[in-house]
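Here are my notes on the model you passed along.

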Amino acid sequence: MKNLTQPLFDLTGKTAIVTGAGQGIGRGIAEGLATAGASIVIADINSDTMSQTSSHIRETCKVEVMEFSLDVRREEQVLNLMDETIAAFGSLDILVNNAGIVTISEPQSMSMEDWDKTMDINLRSVFVLCQNAYHHLKKSANGKIINIASIYAIFGAQYLPSYAASKSGLVQLTRSLAIAWAPDNIQANCILPGWINTPLSIEGRKNNPAAHDIVVGRTPAGRWGDPQDLAGTAIFLASGASQYVTGVSIPVDGGYSIN
Ligand code: NAP
């Protein structure tokens, strides 16, 4: 029997930009795409974690890796990111919008500064990145956008009003891009991570140590996720295997959102 798996999921010759890939979920996804053969552009605001991640991927996956210092809020940097990616690799095939922040506050006491910052990084910047990537993705044989939202695109959250609003907005943005750019053979999809062990969530748990057990208790898989748990879904959404899949949001949460 023919082995159909390899070509379906093979990303050799593809170039992927992953924002916020210096650590956490972005790193797990970047490593996954590199394992499938893609050249990787790690675009992050933190140059220390970025260089650690790029060295690791270069050594373990033997693919080309470029680092790009990026604050996703800076439109001129986004433009340069696209130009430098094309100059280095000749094409852009996969854009993973992963960089995101959490601001914790009850709605009645949330500052407008925190509201705006969350919306800027989690939603507005993703639109800017997609808009700037569009012409390059259109030129690709099969352009792919993967937006990292959250299970809080589904649930309301007392202490995360701006976060939940930004992530559900991201789901709707993704659906709109999926419709608009389907004729260009660009697929746009979301991943909704559940509770994943990353520097962001580990820091958050310091203020609420009980959160660890609460999450384990409600998650059918019986554990927190790890960044590597996102890799398989990201490879699927980045590859030809998902060519007829667009505008969807896939929870990767060990079953948390169905319980
Ligand atoms: P993380 O550990 O904080 O990693 C995020 C990375 O993005 C960091 O390297 C961070 O740099 C970088 N970053 C932050 N602001 C940026 C900006 N303005 N421009 C460019 N890069 C920036 O977070 P994570 O937990 O991996 O989360 C990644 C994504 O998954 C986020 O969109 C988050 O909302 C989503 N998510 C996470 C979870 C979870 O349980 N962890 C669950 C659902 C969804 P610094 O090191 O300087 O902060």
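The points below go through the helices, the ligand site and a handful of single residues.

1. Ground rules. This is a predicted model, so to speak of a local feature I need pLDDT of at least 70, and side-chain atom pairs count only at pLDDT 80 or more, while totals for chains, interfaces and linings use all residues. Residues are numbered from 1 along each chain as its sequence is written, and side-chain values use heavy atoms, with hydrogens and water left out.

2. Helix α2. Helices (H or I, at least four residues) and strands (E, at least two) are DSSP runs, numbered from the N terminus. Helix α2 covers residues 24–35, and its 12 residues should span 16 Å at 1.5 Å a residue; the end C-alpha atoms are 17 Å apart, which agrees. (The expected span is 1.5 Å times one less than the number of residues.) The helix is mostly covered, with 10 of its 12 residues buried. Buried here means under 20% relative accessible area, exposed means over 50%, and partly exposed is in between, using a 1.4 Å probe and protein chains only. Among the buried ones are G24, I25, G26 and G28. After α2 comes G37, with a positive phi near 110°.

3. Helix α4. This one runs over residues 75–89: 15 residues, reaching 21 Å from the first C-alpha to the last, close to the 21 Å expected at 1.5 Å a residue. Which of its residues are buried? They are Q77, V78, L81, M82, T85 and F89. They cover an arc of only 145° around the axis, which puts them on the same side of α4; the arc is that of the directions from the helix axis to the C-beta atoms.

4. What α4 packs against. Its buried residues pack against strands β1 (15–19), β2 (39–44) and β3 (65–69), plus helix α5 (112–139); contact means heavy atoms within 4.5 Å. Just after α4, G90 has a positive phi of about 85°.

5. S39. This serine sits in strand β2 and counts as buried at 15% relative accessibility. Leaving aside residues up to four places away in sequence, S39 touches K14, T15, A16, E64 and F89. F89 is also one of the buried residues of α4.

6. The ligand site. The ligand is surrounded by 26 residues, and the closest are I25, D44, N98, Y163 and T198; a residue is near if one of its heavy atoms lies within 4 Å. For polar contacts I take a pair of N or O atoms within 3.5 Å; within protein, one must be able to donate a hydrogen and the other to accept it, and residues adjacent in sequence count only if both atoms are side-chain atoms. A polar side-chain atom of D71 is 3.1 Å from a ligand nitrogen. On the backbone side, a polar atom of N98 lies 2.7 Å from a ligand oxygen, and one of G194 lies 3.4 Å from a ligand oxygen. Taken alone the ligand exposes 890 Å², and the protein buries 89% of that; these areas come from the Shrake-Rupley method with a 1.4 Å probe, and for residues only the protein chains shown count as cover.

7. A99 is in the loop between β4 (94–97) and α5, partly exposed at 22% relative accessible area. With residues up to four places away set aside, A99 touches T19, G20, V72, I121 and N122. S125, in helix α5, is buried at 3%. A polar atom of the S125 side chain lies 3.2 Å from the backbone oxygen of V72.

8. Where is K62 found? K62 is in the loop between α3 (47–61) and β3, with phi near 55°, and counts as exposed at 69% relative accessibility. N185 also has phi near 55°; it lies in the loop between α6 (161–181) and β6 (186–193) and is partly exposed, at 26%.

9. G254. This glycine lies in the segment after β7 (249–252) and is partly exposed, at 37%. G254 touches T219, P220 and A221, again not counting residues up to four places away in sequence.
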